[in-house]
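User: I've got this one open on my screen and I'd like to talk it through. Can we go through it piece by piece?

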Amino acid sequence: MQKTEKIWMNGKMVKWDDAKVHVLTHALHYGTGFFEGIRCYNTVNGPAIFRLEEHVKRFFRTAKIYDMKIPFTQAQLMNEIKGVVKANGLKECYIRPVGYYGYGEMGLDVSNNLVEVAIAAWPWGALLGDEALKKGVRCKISSWARIDSRSMPALAKSAANYANAVLAKMEVTKLGFDEAILLNIYGQLTEGPGENVFIVSDGTIATPPLSAGILEGITRDSVMTIAKDQKMPLVEKNVMREELYTCDEAFFAGTAVEITPIREIDGRVIGRGTRGPVTEKLQRLFFDVVKGKNTKYRAWLDPV
């Protein structure tokens with residue numbers, strides 16, 4: 001992680017090294033935190049944050065699911081996110097707003113604990129590497145099932161949910177793979193540890209529905225919108241494990257990974273083992289959008 005100068009914490013800018021919490025912070029013990037991952041791109045018109053409003057809305061939706069009261073408005077946080085990018089003089093960066101129950105009473109009763117909020121930003125390239133954007137990544141289906149919504153709210157981008165993701169990631173990387181893919185308890189495709197999954201079969205793009213137990217990804221929504229605008233066949237449907245093995249193309253979509261092709265799953269080569277034509281087209285269109293080259297989606301870019 002490349003350190004920057006300032007982090008916003010609870011209403012004020014502090015130095016990076018001074019952005020600290022107490023060891024008895026509630027979220028550290030019980031996972032009572034939530035976050036967003038947002039990117040700022042250096043567009044043809046200068047730095048702009050991609051789909052900032054949608055990310056902040058999801059931040060507040062997660063808090064509502066957990067009945068956590070954020071002590072700032074959505075408008076305030078949008079403004080402060082821009083402020084963090086400006087304060088650090090960044091043209092392109094990854095932005096991490098995080099909310100959590102802070103230092104207060106210990107125990108499972110959170111009624112006397114307050115929600116604290118921080119925002120950090122730092123330069124961060126492609127999560128799985130620049131080479132992966134062209135050549136694709138090798139994946140393995142994890143033995144860990146994706147959390148079930150009867151146990152944890154899958155639609156919430158909560159810190160606790162990512163313990164499930166960390167276990168899956170650790171498992172497959174120890175075996176030499178680049179990334180994990182998780183199925184739900186019914187054996188259906190859900191997502192990667194931190195990204196949504198799409199497959200392409202006979203020219204039709206498919207991705208699991210929210211009911212499969214996935215996070216409602218904003219990059220996922222962007223890909224679906226772009227594909228539909230291009231008249232590319234696309235469906236939301238439950239995807240079985242076997243369909244992953246036999247599809248023509250597969251790719252991840254997420255803020256951190258952007259659009260990354262999948263070239264192998266469980267030792268099976270996907271398609272021709274390279275970035276497929278549908279993935280390449282969507283990738284090119286997506287980067288044109290985030291770089292401000294496609295004015296049709298100008299509303300998705302929030303100038304800093």
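This is a predicted model: local features need pLDDT of at least 70, side-chain atom pairs count only at pLDDT 80 or more; totals for chains, interfaces and linings use all residues.

User: Okay, which residues touch the most other members of the largest nonpolar core?
Analyst: That core has 26 residues. Its pieces come from several places, with β4 (38-43), α2 (52-65), α3 (74-87), β6 (93-101) and β7 (115-122) each giving at least two residues. The ones touching the most other members are Ile49, Ile70, Leu77, Ile81, Ile95 and Val117.

User: Let's zoom in on Ile70. Which residues does it touch, leaving out those up to four places away in sequence?
Analyst: Ile70 is among the residues that touch the most other members of the largest core. Leaving out the sequence neighbours up to four places away, its contacts are Phe34, Phe59, Phe60, Ala63, Leu77, Val115 and Val117.

User: Now the strands. Why is β7 largely enclosed by the rest of the structure?
Analyst: The cut-off for buried is under 20% relative accessible area. β7 has eight residues, and it is largely enclosed because the number of them that are buried is seven.

User: How many bridges join β6 to β7?
Analyst: The two strands run antiparallel. You can pick out Ile95 with its bridge partner Ala121 in β7, and Pro97 standing opposite Ile119. The bridge count between β6 and β7 is eight.

User: And β1, which residue in β7 is the bridge partner of Met9?
Analyst: β1 (residues 6-9) also runs antiparallel to β7, with two bridges joining them. For Met9, the partner in β7 is Ala118.

User: Which residue is the bridge partner of Gly33 in β6?
Analyst: Gly33 brings in β3 (residues 33-35), which is joined to β6 by three bridges and runs antiparallel to it. The partner of Gly33 in β6 is Tyr100.

User: Which residue in β6 stands opposite Ile38?
Analyst: β4 and β6 pair over three bridges, in the antiparallel sense. Opposite Ile38 you'll find Ile95.

User: On the outside, what is the accessible area of the nonpolar patch?
Analyst: The patch on the surface is formed by Val23, Leu24, Leu28, Tyr30, Tyr103, Met106 and Leu108. Leu24 sits in the loop between β2 (12-15) and α1 (26-30), and it counts as partly exposed because its relative accessibility is 39%. Together the patch residues have an accessible area of about 760 Å².

User: Is Asp67 buried or exposed, and at what relative accessibility?
Analyst: Asp67 is in the loop between α2 and α3. It has a positive phi of about 55° although it is not a glycine. Exposed means over 50%, so Asp67 counts as exposed, at 52%.

User: Last one: what is the relative accessible area of Asp202?
Analyst: Asp202 is in the loop between β11 (196-201) and β12 (204-207). It isn't a glycine, but it has a positive phi of about 50°. Asp202 is exposed, with a relative accessible area of 75%.

How values were computed:
Residues are numbered from 1 along each chain as its sequence is written. Side-chain values use heavy atoms; hydrogens and water are left out. A nonpolar core is a set of buried Ala, Val, Leu, Ile, Met, Phe, Trp, Tyr and Cys residues joined through side-chain atoms within 4.5 Å. Buried means under 20% relative accessible area, exposed over 50%, partly exposed in between (1.4 Å probe, protein chains only). Helices (H or I, at least four residues) and strands (E, at least two) are DSSP runs, numbered from the N terminus. Contact means heavy atoms within 4.5 Å. Patches are made of residues with over 30% relative accessible area and no salt bridge: like charges are joined within 9 Å, nonpolar side chains (Val, Leu, Ile, Met, Phe, Trp, Tyr) within 5 Å. Accessible areas come from the Shrake-Rupley method with a 1.4 Å probe; for residues, only the protein chains shown count as cover. A salt bridge is a side-chain nitrogen of Lys or Arg within 4 Å of a carboxyl oxygen of Asp or Glu. Two strands pair if DSSP finds at least two bridges between them.
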